[in-house]
Amino acid sequence: MSGRPEGRAEARGSAAAGRRDVESAVRRAGERGGATVCVLAVGLAFVLVGLFGAAVGTAREARQQARVAADFGALAGAGGVLLGEPAACGRAAEIAAANGGRLLACRLDGLDVLVTAEVAVTPLPGLARVATASARAGPVRG
């Protein structure tokens, strides 16, 4: 007789567990895949923010490279200003190219050399831009 009450309790326990499983399955059927969509949306947001950050960083790097090319080109040109504009601007173009830039403009203003250099940049695939910078170099005025 002691075996029967225990058997009934087990039967009730397993029936209740079965009902809970069925109710849980019914509740989950309407929500299937919702978390996956949210995770994909968050992942896409991270990728887009990362791409934007990389593009901004690349553009900043190109602008700095253009500044360096213009500065060094102007300094090199200022060293040859007494030889005339062709010599000064030729040397400025060489140094700008050695620093990853391309000389856009060069002119003499008295003993000063004014140089404009550019650097091509592709911050994102299919998106080409140009960073431009200008510099002036000459003797110290006092």
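The model is predicted, so local features need pLDDT of at least 70 and side-chain atom pairs count only at pLDDT 80 or more, while totals for chains, interfaces and linings use all residues. Residues are numbered from 1 along each chain as its sequence is written, and side-chain values use heavy atoms, with hydrogens and water left out.

**The sheet**

- Look for 3 strands that form an open, antiparallel sheet in the order 1-2-3. Strands (E, at least two residues) and helices (H or I, at least four) are DSSP runs numbered from the N terminus, and two strands pair if DSSP finds at least two bridges between them.
- Strand 1 (102-109) and strand 3 (127-137) are the edge strands, each pairing on one side only.
- On average, neighbouring strands are turned by 20 degrees against each other, direction ignored; axes are lines fitted to C-alpha atoms, for helices over the stretch in contact, and angles run from 0 to 180 degrees between N-to-C directions.
- Strand 1 is joined to strand 2 (residues 112-124) by 7 bridges.

**The helices**

- Helix 2 (residues 34-79) lies across strand 2 and strand 3, at about 160 degrees to strand 2.
- Helix 3 (residues 85-98) packs on the sheet and touches strand 1 and strand 2. Its direction makes about 150 degrees with that of strand 1.
- The axes of helix 2 and helix 3 come within 7 Å and cross at roughly 145 degrees.

**The nonpolar core**

- The largest nonpolar core has 19 residues. Such a core is a set of buried Ala, Val, Leu, Ile, Met, Phe, Trp, Tyr and Cys residues joined through side-chain atoms within 4.5 Å.
- Ala 70, Cys 106 and Val 115 are among the residues with the most contacts inside this core.
- Helix 2, helix 3, strand 2 and strand 3 each supply at least two of the core residues.
- Beyond its neighbours within four places in sequence, Ala 70 is in contact with residues including Val 115 and Ala 133.

**A look at Asp 112**

- Asp 112 is found in strand 2, and is the bridge partner of Asp 109.
- Asp 112 is buried, with a relative accessible area of 3%; buried means under 20%, exposed over 50% and partly exposed in between (1.4 Å probe, protein chains only).
- Its side chain makes a polar contact with the side chain of Arg 141 (3.0 Å). A polar contact is a pair of N or O atoms within 3.5 Å; within protein, one must be able to donate a hydrogen and the other to accept it, and residues adjacent in sequence count only if both atoms are side-chain atoms.

Key: Contact = heavy atoms within 4.5 Å.
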